[in-house]
Amino acid sequence: MTTSTRGVTVPPLDAQLLAVAQGQHGMLTTFQARAAGLSPPLLVALVKSGVLRHPGRGLYAVGAMAETDPQKWHRQLCAGAFLLYPDAVLAGTTAVLAHGVPVWGAPLVVPTITRPIKRAGGVGAFWVRPARGAVVDSDWGRASAPADALVQHAIDRGIVPGVVSADAALRTGTVTETALADAVARVRTWPHASHAASMLLFVDGRRESVGESRCAVAMAMAGIEVTPQVLIVDEDGEPVGRVDFLVTGTNVIVEFDGKVKYASGDPDVLWKEKRREDRLRRLGYVVVRLTWADLERPGGVAAAVRRALKAA
């Protein structure tokens, strides 16, 4: 349907141009749009009417194909990066996502890419850096190798986001601790390389969730030593359950309650969890449950665990 924006008639996009965009994750370059007969004034009108989005210089997204989920939109922008820069390589947080590794605590507004350039900086919809390190194929295209991407992610986003993603990558076998250590060594002279070095100290692939990784870092920074995923058995050697953490040298169990396992509201699930915890307490264990609220409150995790240690 044809519309009008401030005197400029806005026709529907050509079917062939839409087909091109469909094959490019909904993205178009200015060159492609101009080749389809869209003049600069018409492009402006199409953006104002919402038919197109204009995330950065030289790049457009078809409004009806634009994703609302931040990670999916990030993926679309990466497709746009390869249209504009065939020599681009995904890096940092963007490469971590491209390798299928979850990310927490990192804004996904601007993808990070590397190119054979001498200076770094923001270019429209992307953050561009000089090319560095090994390049491999990923689900999203050419990207920094997983270990290098995780190290870059920690440098850019901080220790805790770095640990969350590195734990997940170790757990799934995407990287090894040796590969991470080698990647950290390669960036030891970079600004903020200490973030990556600290990440390496705290990582552990036995943790099973974002919450567990965050809890572990909070306890480690508070000097509380724990072992993750400990199997507790009763007096007869029968398994009672696997707990998130056991404080080393104590009978204090730390569980992160992310509420995922209770989301269904199934009474049977709640009852089994209660029976499990009752058995742990009868065996002499003190159980402290941590929540997202504890993680968001400065010192909340350490304070809760120390109260349990005192009670024990």
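Does aspartate 204 count as buried or exposed? Aspartate 204 counts as buried, because its relative accessibility is 13% and buried means under 20%. The model discussed here is predicted.

**Nonpolar cores**

- The largest nonpolar core comprises 46 residues, and those with the most contacts inside it include Leu90, Phe126 and Met199.
- Among the elements that give two or more residues to this core are strand β9 (126–130) and helices α6 (146–157) and α9 (193–202).
- Another core, of 18 residues, lies apart from it and includes Val247 and Phe256.
- In α9, the buried residues are Ala193, Ala196, Met199 and Phe202, and they pack against α6, α7, α8 and α10 (210–221).

**Salt bridges**

- The structure contains 14 salt bridges.
- Arginine 207 pairs with aspartate 167, with their closest N and O atoms 2.8 Å apart.
- Because arginine 207 lies in the loop between α9 and α10 and aspartate 167 in helix α7, this pair ties together parts 40 residues apart in sequence.
- Both arginine 207 and aspartate 167 are buried.
- Aspartate 204 forms a salt bridge with arginine 206 (2.8 Å, N to O), and arginine 206 is partly exposed at 44% relative accessible area.
- Glutamate 273 forms a salt bridge with arginine 289, the closest N and O atoms being 2.4 Å apart.
- Salt bridges with shared partners join Glu273 and Arg289 into one network with Glu255, Arg276, Glu277 and Arg281.

**Cysteines**

- The count of disulfides is zero.
- Cysteine 78 is buried, with a relative accessible area of 0%, and cysteine 215 also counts as buried at 0% relative accessibility.

Methods:
Residues numbered from 1 in each chain as written. Predicted model: local features only at pLDDT ≥ 70, side-chain atom pairs only at ≥ 80, totals over all residues. Heavy atoms only, no water. Core = buried A, V, L, I, M, F, W, Y, C linked by side-chain atoms within 4.5 Å. Buried < 20%, exposed > 50% of the residue type's maximum accessible area, 1.4 Å probe, protein only. Helix = DSSP H or I, 4+ residues; strand = E, 2+ residues; numbered from the N terminus. Contact = heavy atoms within 4.5 Å. Disulfide = S-S within 2.5 Å. Salt bridge = Lys/Arg side-chain N within 4 Å of Asp/Glu carboxyl O.
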